[in-house]
Amino acid sequence: MLKTDQPVIDFVNEIKDYLPGNSIDCVVFGFDAQQLKVLLLEWKDEEAWCLPGGFIKISESMDDAAHRILHQRTSLNSIFLNQFFTFGSTARYGPKFKDHIKKTQKVLQNKGVSDKKTLGWIASRFITTGYFALVDLRKTHPQPDFFSETCQWIAIDKLPELIIDHNHIVTKALEHLRVQLNYLPIGISLLPSKFTMQDLQRLYEAILQKPLERSNFQRKMLKLGIFIRLEKQMTGAANKAPYLYSFDTEKYNQLLEKGIGFTY
């Protein structure tokens with residue numbers, strides 16, 4: 001038998017502790033270089049990409065499972081998470097699902113797992129609950145799981161084909177993010193502590209996937225009264241340098257409770 005990795009041994013031994021037929025898939029959004037990005041896993045020895053995900057322990061809530069999974073992938077303890085949709089269509093279990101199961105079983109078998117119960121458990125039908133997370137990607141330390149070679153940030157407009165219905169899950173998460181834009185801590189979660197108005201505008205444009213008129217955007221944003229103006233960002237001539245801003249956390253949170261009321 002091939003040498004088995006300890007994480008795989010733990011998974012096989014603990015599989016009885018997980019809810020059968022239920023999983024979690026997470027769309028982790030980050031923003032960098034004026035691009036909205038998503039955290040993806042690239043599989044070992046296979047041309048396959050997927051979202052970070054995992055299973056739910058019988059002893060934990062679904063939210064706790066999602067936080068555990070994302071801590072394992074990002075090393076962050078405090079993450080804004082939002083449950084947005086449950087994916088349970090039988091259409092999930094077409095040719096792409098069968099191909100995914102073969103690859104999953106192959107990875108396990110390559111690690112020395114031959115137990116039919118474990119391989120069968122993996123191959124059963126799963127209903128997955130989607131969560132999206134908003135993180136400052138500069139603070140993350142992406143870590144692959146035992147199925148994966150790498151865990152990395154990919155620009156949302158350059159996503160590869162993902163396993164099963166994971167591309168659809170990303171699309172659904174982005175739709176929910178847009179609809180709830182007025183009620184979610186977008187800027188405070190995705191931007192660094194100091195930013196320019198242009199940084200904020202580029203973030204909104206990346207999420208909405210459309211350009212916004214600069215002066216109108218800045219006027220409406222500053223009118224909200226949730227920003228603290230700091231020093232200028234000195235990159236050239238002083239009279240042309242943009243101001244840096246930070247969020248007034250108390251006012252920002254108060255406004256979120258009501259809904260920002262910003263028209264895009």
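Hi everyone, let's start with the aromatics: F29, F84, F85, F87 and F132 are linked into a cluster by ring pairs. Keep in mind that this is a predicted model.

Leaving out residues up to four places away in sequence, F132 touches V27, F29, F80, L81, N82, F84, A173, H176, L177 and L184. F132 also belongs to the largest nonpolar core, which has 44 residues; V27, F29, F132, L177, I186, L200 and F227 touch the most other members. Helix α7, residues 197-208, gives this core its largest share, 7 residues. Domain 1 (3-179) and domain 2 (192-258) each supply at least three residues to this core. Apart from it there is another core, of 41 residues, including V8, Y18, V113 and F147.

Now, how many aromatic pairs are there in the count? The count comes to 16. Take Y18 and F55: their ring centres are 6.2 Å apart and their planes are at 70°, so this pair is edge-to-face. Y18 is in strand β1 (residues 18-32) and F55 in strand β4 (residues 53-57), so the pair ties together parts 37 residues apart in sequence. Y18 is buried, at 9% relative accessibility.

Last stop, strand β6, residues 127-134, where we find T129. Is T129 buried or exposed? Its relative accessible area is 6%, so T129 counts as buried. Among the residues T129 touches are S23, D25, M62 and F85. Thanks, all!

Key. Residues numbered from 1 in each chain as written. Predicted model: local features only at pLDDT ≥ 70, side-chain atom pairs only at ≥ 80, totals over all residues. Heavy atoms only, no water. Core = buried A, V, L, I, M, F, W, Y, C linked by side-chain atoms within 4.5 Å. Buried < 20%, exposed > 50% of the residue type's maximum accessible area, 1.4 Å probe, protein only. Helix = DSSP H or I, 4+ residues; strand = E, 2+ residues; numbered from the N terminus. Domains from an automatic or database assignment. Contact = heavy atoms within 4.5 Å. Phe/Tyr/Trp six-rings, centres within 6.5 Å; stacked < 30°, edge-to-face > 60°.
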